[in-house]
Structure formats: structure tokens, C-alpha cells
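Please keep the sequence and the model in view while reading.

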Amino acid sequence: MTEISTTGLIDGNGALHLRSASPEEVGDSELASAMWVLRGFEERIRELRVSGDVVGSVHLGIGQEAIPVGALLALRPGDPVYSTYRGHGWALASGAAPEGVFAELLGRAGGVNGGRGGSAYFSVPEEDFYGENSIVGAGAPIACGSALAAKFNGSDAVTLTVFGDGALNQGSVSEAFNFASVMKLPVIFICENNGYSELTPIASMVVNPMLHERGDVYGIPNLRIDGNDARAVAGAVGAAAARARAGGGPTLIEALTQRLVGHYIGDAELYRAKGELDRAMEDEPLERLRRSLESSGTTSAEFEVLRDTALARLSAACDRAIGQPFADTSTVYDHLYSKEAYRG
Amino acid sequence: MAKITYAQAITSALDRALSEDNDVLVYGEDVGVGGGIFGCTKGLRARHGERVFDTPISESAILGSAVGAAMMGKRPVVEIMWVDFSLVALDQIVNQAVNVRYVSEGRLSAPLTIRTQQGAMPGSCAQHSQNLEALFAHTPGLLVGLPSNAQDAHDMLLSGIHADDPVIIIENRTLYFGEKVDVDEDAPVVAPGGARVVREGADLTVVSWSAMMGPVLEAATAAAAHGVDVEVIDLRWLRPLDMPAVFRSISKTSKLMIAHEANITGGFGAEIAARVVGEAVHLLDAPVRRVGVADVRMPAAPGLQGALIPNADSILREILELARF
């Protein structure tokens, strides 16, 4: 029987420690545990959104977990990460404790941004997660600036920014590609291609569906990978990071994946083909890991232990978040400027 | 003291900032080797090397990278060649830079400084002549300054670079190559904010800023010959806004005019008028008068522009009408 490890990558609070791990030493069971933290978080948030405890637009990353988990395994502490609004998983993979992220979405005082960011626009700078962005292509130029700072500071930090397939059609991303390439910035662009530009198939919005080839015109090394395979992601990000740290400039990685849920909670998904989701379920990262573990002797019951351990820690974190007070309304004017006098 | 122009005062401030703080980066379209199309960054590349650099014509990349670099501790000072071009990448200012500190509860900040210039000049087309300060002043989280003279061009830029917040300094290119005046290049760096009474008077207050200060002061001098003693305030900063300076002045004069080159509707004069009416209407004995460009697009031909843009003569007429009230 394969030894099941539920520790190492996930601590008692449900926080992940992927940055300090070495991808080569991580087994399938640890990958599954990490992905269950992301999946379980999203499933709990879905319940809380439906119950009305969480309000507003919520975009879940269910099905796309292998990309953040694989990417953060390949990054180091101190490497800045920028995501879009489908960013809960990126924050958790970066190392954010689930309680603070639950609390953020629940509008609690102890949220990572005290409830000011909400689901779609929070950051966890303590874990080098410089934030989600609700403007799909806006993070790409900002990540260039982060990489620019590293370059001028003589730091070997690599900045990673992730966006969806739809964002490639926003001008800011094209500007960022050229800027990063001409300045040889240490930045990794990941395009999570889940096939849909929000509710519209990306295939109907581009002439060349090989999105990574956009890198060619900017002189950016680029590749397309299986985004449902965390090891493939870690390999590609690791190689891109090594090139960036060595002064080789940016890389564009197109990671193919599928989201198993709507664009937002409440999306009727009228655009889906019949049977599409059933096929996607066969190919999704956790199902693949289950099959892989089973083929090497892990039983279903043992796999469930991995899931249940992650879910129990998340559940405790969520309960603690719910127990927190709501953000204090007397603070609502704070932090607009560095000095109170500037509000005049 | 150095005898320099408004444009040279900007260069001097940038030179000082680059010399004093290794985290300062100066970049934008043509600002490096070319020294800027108005020469405001001339010589800085040679003196400070790669911290002064040219960028592609990519306003989103310029502003967005400034946000990211500032979040990581740098002090980027980026040039947007014409304020009209900021509209191409307004997202990075209005959706990004100004949210960083507030949304993160101060865990992050984005202390970038945007230098740009605006206003009409004979022949400038409708896409190179707008005055957009009200748009930026409408954006909480941003500090907005409009220097009207060389010393302010120097000092306010340094105030902006030193502030731990996103700042936009809107220059005016009609001022760049004016006469050389004494500028204290070692002036202490002060926090943004503060209007200045430029001319004391007892009968009527004119609040203005940027390039409109010239015709306003000329009109004020001419008004004296008509027996009207005009007080002139250079507002300097729209955020933070020094309303106490305005209230102090109208408590003396009881009459207020606001003059700007921007369009009237939604122009920043409307905000000042609304605050005065809302908070201090008892100080007034006449309606607030606003002077600006009528709500049309800006034509290029000098004759047509002249029919729209307030000048010393048209401002004098307005002053005399208000004084008769």
C-alpha cells in the first residue's frame, strides 16, 4: 500500500506551504491534499453564497486547481503573484490561511483586507499574493512593474501573473507582453485557458486558437501545457522562473483547463454543449489524481481521508471566520491616503 | 537660486529626486535619450543612467508598471505626454493605483507620480487640448496638483514624489518656455496641499490655477484701474483641497469667481461653487460666477480657439460685472 501523507504541504489551519516545497519530492497524495484545500474552499464558498452569507459576484476556480498548485510549487517565497478575480485558489496556493480569506468574503474584520476587497479584489501581501484584479487584463502591466522593481533592486524574485483566455483580447495584456519582452523583465505570464471568455467560447473570439503563440510576435518564449496536471504546470513554471532569474526575460504559458462551474455563481451556463461537463469531470485534476493513486494501490477510502482531512481543516477555519465580528463601520474612511490631511 | 524656466524647474526637481533617492525611476515615452518632447527630462539619462528610460507608446504599460513598481517600494515618476493620452489607460489610475492602499487597509501602497501636461495652444487639435483636472479630482485616493509657476513646478513635483500616495501633477505646456525666474532648487519638500493668495484685494475673490493664473492676474491689475480691488488665489492642489483659504478670502470680499480653462459643466469650479454655497453662502452677497470654456469641443484654428478660451479681457469683463452686483 502507498503511504498516504496529509502533512507537509498543508498545516493545521489549512494553510498551504507550496513555495518551500520541492515539486520533485511531492507525491500524488500531497498534490491531492493541496488541491482539496482549493476545491473545498470553493465548495464552501458556493454554499455560503447560496445561503446569502457571502454576497456579490463570486467566481469559482473549481476544476482549475492544478494550475495554482503546480505554479506555486515551482515558485519561491518572495516571488510576487498577481491573479484575476478567479483568484481564491491562487491566494490559498500562495500560502494564505483559509480563515482570513473566508473572513474576507464574509465581510469580517479579520478578513485579509478587512472585507474591503471581497471575493473579487483582495490581496495577501504577507504571502506575496499582491492581489486579484477585477479588470481582466490589468494585472499584466502591474506585474511588469513588480518585475521592474526586482530588476532595479538586483533581486532574483520572479513575478507571476495569471489571467484567463478572454483577457488576452484586452489591449493592456498586449502592451504588457511587449513591455516585458523589450525590457527583459523577470515575469511569467500564465494564461488559464478554460475555453470560455466569460460566457463566450474563446474559439469564436480569436482566429488562432493557439493562444500561447501570441508570445511569438513579442519574442516571448511560449508553450501550451496540460493545465490539469500540476506536475506539468510546475515543470513549465520552474523552467520559466529559472530563465527569468537568469535574466532571460518573460515566458508565456498557456495552461489548458476547464472550469467545472459557471463563470460566476448563478451563471445558467447556456453556452455549454451537451455532455461537455461529463467529459470534463473525467479529466479534472482531482479525478485524475484519484485514478493515479488507485493505480498505485491507494484505495478510495484512503483517498477520501485526504479529502476529509482538508475539508475538516477548512470547515474549522470557516467556523472561526464566521465567529469574527463584521468589519467596523467606523473605519470605513481609513487608509484612503497615507495622511488623514489629504482627504481635505 | 537659479534663473530657470518652468520646464527647467521640472528637470531640476527630477534631478534632485533621482539624486536623493535611488528608488526613484523616471520613465515614459521619449523621456530618456530624447529628454522628453518638451525637454523636461533633458540630461537626466546622462546623469542618472538606466533609472531614466524610454518606453514603448503603451500608456497602460507605463502606468500599470508604475503601479506595480510602486507597490514593490520604488518611486516611479512617469510621464504621460499629453493628458489626453491618459484616457487610453485610465484604468490603471482610476481602477488600480487609487485602490491599492484603501482596499488593502494600508498593507500596500502605490506611491507613483504621474507627470502630464494639458491645455490648448494655437493649432492644438481637439485630442491635444483638453483640461481634465476635474476628472482626476473626482477620484478619491489620488492627489492632484496643477503648478502655475516655475517654483511651484519644482516644489509641487517634489511634494508629489515624496508623498506615499498616487499623485498626478498636471503641468501646462504654455508655461514651459516662459521667462526665466529665480527658483530655489533647494526649497524644503513639503506635503501636498495648500492654496496661495497671490494678490490681496478687498472687493472680489478670483480662484484659479495653472495657466489661467496669468490672464487672471492681468485682469485683476486692469480691474484696479476700474476701482475694483481683486484678490487672487492660486488653488495649486485640487486634492487635497484648501477650502479654508477660499472661505477666508470671501469672508473679506463677499464675491467669488472661479476661472479655469476646463469646460464649465462638471469643471472643478462647480465643486468649489457647490462647497461655498453649501457651507458658506452667508458670506456671499452675489451669485458665484464661473469662467471657463463653454461646453464645446476645441477647434485647432487659433481664431476659433480664441473665441472660446477665457483671456484677460474676457475675465476683466466678468470681474467688472460681478463687482457691480
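In chain A, strand β7(A) pairs with strand β8 (residues 251–256) in the parallel sense over five bridges; two strands count as paired if DSSP finds at least two bridges between them. Helices (H or I, at least four residues) and strands (E, at least two) are DSSP runs, numbered from the N terminus. Within this pair, I225(A) stands opposite A255(A) of β8(A). The model is a predicted one, in which local features need pLDDT of at least 70 and side-chain atom pairs count only at pLDDT 80 or more, whereas totals for chains, interfaces and linings use all residues. Residues are numbered from 1 along each chain as its sequence is written, and chains are lettered from A and ligands numbered from 1 in the order in which they are written.

The pair belongs to an open, parallel sheet of six strands in chain A, with the order β2-β1-β3-β4-β8-β7. Its edges are β2 (129–131) and β7 (222–226) of chain A; each has a single partner strand, so one side of each is left without a neighbour in the sheet. Helix α5 (residues 139–153) of chain A packs on this sheet, touching β1 (81–82), β2, β3 (159–164) and β4 (187–193) of chain A, and its direction makes about 175 degrees with that of β3(A). Contact between two residues requires that their C-beta atoms, placed from the backbone, lie within 7 Å. Axes are lines fitted to C-alpha atoms, for helices over the stretch in contact, and angles run from 0 to 180 degrees between N-to-C directions. Helix α8(A) lies across β4, β7 and β8 of chain A, at about 175 degrees to β8(A).

The axis of α8 (residues 230–245) of chain A also comes within 7 Å of that of α2 (residues 66–74) of chain A, and the two cross at roughly 40 degrees. The two helices α2(A) and α8(A) are therefore oblique to each other, given that angles under 35 degrees count as roughly parallel, over 145 as roughly antiparallel, 65 to 115 as roughly perpendicular and the rest as oblique. Residues making this contact include A66(A) and L73(A) of α2(A), and V233(A) and A241(A) of α8(A).

Chain B contains an open sheet of seven strands with mixed pairing, in the order β3-β2-β4-β5-β7-β6-β12. Here β3 (52–54) and β12 (237–239) of chain B are the edge strands; each has a single partner strand, so one side of each is left without a neighbour in the sheet. Neighbouring strands of this sheet are turned by 20 degrees against each other on average, direction ignored. Strands β6 (residues 143–145) and β7 (residues 167–172) of chain B pair in the parallel sense over three bridges, and V144(B) has I168(B) as its bridge partner in β7(B). Helix α1 (residues 6–20) of chain B lies across β2 (24–28), β4 (75–80) and β7 of chain B, at about 135 degrees to β2(B). Helix α8 (residues 150–162) of chain B lies across β2, β4, β5 (113–118), β6 and β7 of chain B, at about 165 degrees to β7(B).

Finally, the two chains meet: 40 residues of chain B are in contact with 35 residues of chain A. On the side of chain B that touches chain A, two or more residues each come from α3 (59–71), α5 (90–96) and α6 (100–103) of chain B. The largest share of that side, nine residues, is given by α3(B).
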